[in-house]
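Colleague: Please give me a close look at the open space in this model. I would like to know what surrounds it, and then what the rest of the protein is like.

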Amino acid sequence: MSLPKSLYTLLSRHFSTATKTTTRLPKLSNVPHKYKSEAVERAQKVLTDYLHGTRGFSFPSAEHISKNCRFSLTNIIKRVDFSAPRFSNRIQRFLRYHPINEFEFFFESIGIDYSQVCHFVPPNKYFLSEDGTVLDAACELSAFGFPWNMLGKLYEEELSIFRESSKVLKARLSRFKEYGFGNHSVVGMCLAFPYLLSLEGDLGGDIVALFDDLKRVFVEFDIENSAEANAESWYEVCKKVRVFYDLGGENGKIGEFLGRRKDVFLECPAEVLFQKAKYFCKFGVRKVDVGLLLLQSPEILNLDLETPLISALGLLKHFGLDVQELEAVSEKYPHAMGRNKMANLPHLVRALDLHEWFFTKIKNEHKLLANYVISDFDEDTAKEFSDGLERIQSSSTPIHTMTKLNFLHGIGFGENPLTLLVLARLHGRSSELQKRFDSLLSTGIEFSKLCLMIRTAPKILNQSPESLEAKVKFISEEMKPSLEYLNIFPAFLCFDLENRIKPRYRFYVWLKEKGLYSKSYSIASIIATSEKKFVARAFGIHPAAPKHWFECFSYRKSFNTCLETSLT
């Protein structure tokens, strides 16, 4: 079954290691250390009483919110003068005269990361009573058995669930039980597949096939008879099924595959399974092939695909390239040579344009990856790169520079002097460089060719994503050469679109339309030529051409000055 959103943006929300930020709890500088736990407990009790007694929340919902909003609650405690005997009274007084934004406390309490809560708080609303359904929906789900602090997974992925009435949600939950699932299993299913709770009307064949898969897994994994069976354990198993559904697995068949190797999949945490799926998806192959790899060779789940070092040539030799092929790869892609981390392997082989071949080798002989030991790297190159690292460490911004270097390693550049030359020409934080790289990939430029472009003209990554996309759009839609031309002239992306590329190109189009010249100039000669030579060339075509250039095309207005300079 194909789900409506991508593997990375949807599935990762279910895996804490993939999405949770490391937001630190604010320091309570106004509370002595020995009283901090007591202060938090008192504040929680006061907040519970306030939400229940003053704001009219049910006691269970008030208690759930107060016990699961540490950041929001800490922000209140910081604003109250601490005195052990009077602290509870002071918190009560504060709440009496400073009403809280209940949405903020609610969203944090249901498990949405505090750093993201601001994106969910509705504008111009302060009290949950201003929203007719959100709190009632949460209470209904909690009463059924959903852990309160995990409801955020449903809210982030299927907000429409919280727009439904309690009656509608109760009916949908009861419908799932009619298929033979208990409360705990329904909770696990819906947390892993939130869209189930948004379905209206009769359930289609795809949903029935999903239920068949889940039943098969539940039976094979013998969860019903486990003494530890609860909503969380059901959810853990359902997350594993979700991985394969999002990888394009065949409806009704996934349960059978998982059941065949239940020992492996039962031992493998869902987070590890997701990380392995994400890793192999980076090879740029079909997601369904990644799913088949994990199902057919589950032993690969036990491999350390993060920390080991690899050598580009040594690994390719290990996987079967002969001497001539290795020489050809080394000559064409010198920026990818040298050592790198196993974590960067998918993008390394994409930078070499060998990703499909390499993935097929893994699929057919997964032990090749398990048996690899680093070898065949150039000691002289390693020494030169090591010297460069020492210079970085002694610089004024070693951490900033190393994060940029890690970005280059992450897109397939190896430990070699060429990588250091590219590094010296890059500006911006590593996260900014990644966004610019991804924006160019999204325009249709192939991964390996983009890396070659960066090797030739590193400064293309110093442009904003919006600027890069606009330039690629202009060259493909108005200038109309193939995007392959950027492999010849990658520096095109370094020039200003509005003040250089557009006016010059449109001027030459005008000259050609008027029949003033028949010679074809390359894009590079049109764009890269200095202003002085450009105007001189225009004058050579026709004495009046420079005047028309400045009056109708150029962003400059000083025609006489520039013309006189160009002719001296």
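Modeller: Happy to! The largest pocket holds about 600 Å³ of space. A pocket here is an open set of points on a 1 Å grid over the protein atoms alone, where a 1.4 Å probe fits and protein lies on both sides within 12 Å along at least five of seven lines. Grid points are joined across faces, edges and corners, and the volume is the space filled by probe spheres set on them.

Before going on, please keep in mind that this is a predicted model, where local features need pLDDT of at least 70 and side-chain atom pairs count only at pLDDT 80 or more, while totals for chains, interfaces and linings use all residues. Residues are numbered from 1 along each chain as its sequence is written, and side-chain values use heavy atoms, with hydrogens and water left out.

The lining of the largest pocket consists of 24 residues, and A343, N344, N406, H409 and G410 lie nearest the centre; a lining residue has an atom within 4 Å of a point. Helix α25 (398-410) contributes the most, with six residues. At least two residues each also come from α17 (270-281), β2 (339-341), α21, α24 (379-393) and α27. Helices (H or I, at least four residues) and strands (E, at least two) are DSSP runs, numbered from the N terminus. By class, the lining has nine nonpolar, nine polar and six charged residues. Ala, Val, Leu, Ile, Met, Phe, Trp, Tyr, Cys and Pro count as nonpolar, Asp, Glu, Lys and Arg as charged, and the others, Gly among them, as polar.

In α28 (residues 447-456), seven of the ten residues are buried, meaning under 20% relative accessible area with a 1.4 Å probe and protein chains only, whereas exposed is over 50% and partly exposed in between. They are F447, S448, L450, C451, L452, M453 and I454. K449, also in α28, is partly exposed at 23%. K449 touches E484 and N487, leaving aside residues up to four places away in sequence; touching means heavy atoms within 4.5 Å. The C-alpha atoms of K449 and N487 are 6.7 Å apart, although 38 residues separate the two in sequence.

Most residues other than glycine have a negative phi. D353 is partly exposed, with a relative accessible area of 40%.

Further in, the largest nonpolar core has 121 residues, and F146, F280 and L345 touch the most other members. Such a core is a set of buried Ala, Val, Leu, Ile, Met, Phe, Trp, Tyr and Cys residues joined through side-chain atoms within 4.5 Å. Helix α14 (residues 231-246) gives this core its largest share, nine residues. Beyond its sequence neighbours up to four places away, F280 touches V285, V290, L293, L294, I300, L305, F359 and I362. A second, separate core of 54 residues includes V472, L486, A545 and F553.

Overall, the protein has 35 helices and two strands, and 48% of its 568 residues are buried.
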